[in-house]
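Have the model open and follow along.

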Amino acid sequence: MSDQNRMYQVSTLQALALGYTKKVITVSELLQNGDTGLGTFEDVNGEMIIMDGHCYQARSDGSVMEADPNAGVPFSAVARLLGTRQFEMTDKQDIESIRTELTQRIEEHFGLNSMHVVRIDGEYEKVDARSEEPYKSHHITLKEVLDQNQTSFVFENIRGSLVGVYFPDHMDGINMPGWHLHFLSEDKTKGGHVFNVILKKGTVRLDKITRIEIDLPKAAAFDTYSLKQASEEEIKKVEKG
């Protein structure tokens, strides 16, 4: 189990926020390291949802296709979902109430300083999400890219899954502290980065992760970024839109 209990991450959120959106590895290489997670594609070409060992690409209109195995990945976090903890969740009127319950659940087992991977399969009254068009750039911040190329959309009365990761506060900058969630419809045709949801009922599968491996970009361009310049405020704007 020790080999499975690992978060595998491509690059860092600081690098993505500052505009490093070049390929680090391919989708097929990513899938060798985890079956559940999220991320984005080269040039921020849509939102990534990884579920059941498949990688899906949510395009700017909210439609989803299975990603090309050779597509470039500039940023992602994946793990193997074992479902060591399972429980039901009902009647959640917004994403914050979901995050709050998930946080309470990990706190019960002394997990706030560890990483987690989660999947919530269920019935959703509403999913407020986003994705984006690709934008070839160098040193253009992700916030600027999303300001120009982001599209938001709403799915109503839909079955599907929230897939996400949790990173603790002390890993701020490596990834987004707290819960980061993407959505994929049950029929694999709709999805995106989630801003808000109303959950009728769902089944939660949750795993605590205590190891991490990070693949940093090897290109010289990566070392032209001052990663600590990625402000907490800018990262939050990227996450919350």
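What follows covers a helix and then a histidine in a strand.

## Ground rules

This is a predicted model, where local features need pLDDT of at least 70, side-chain atom pairs count only at pLDDT 80 or more, and totals for chains, interfaces and linings use all residues. Residues are numbered from 1 along each chain as its sequence is written, and side-chain values use heavy atoms, with hydrogens and water left out.

## Helix α3

Start with α3, which runs over residues 95-108. Helices here are DSSP runs of H or I with at least four residues, strands are E runs of at least two, and both are numbered from the N terminus. The 14 residues of α3 span 20 Å from first C-alpha to last, close to the expected 20 Å; that expectation is 1.5 Å times one less than the number of residues.

Buried (under 20% relative accessible area, 1.4 Å probe, protein chains only) applies to I95, I98, R99, E101, L102 and I106 in α3. Looking down the axis, these buried residues sit within an arc of 165°, so they line one face of α3. The arc is taken from the directions between helix axis and C-beta atoms.

Just past α3, F110 has a positive phi of about 55°.

## H182 in β12

H182 belongs to strand β12, residues 178-185. With 1% relative accessibility, H182 counts as buried. Its side chain reaches the backbone oxygen of M48 at 2.7 Å.

Notes
Buried < 20%, exposed > 50% of the residue type's maximum accessible area, 1.4 Å probe, protein only. Polar contact = N/O pair within 3.5 Å; in protein donor to acceptor, adjacent residues only side chain to side chain.
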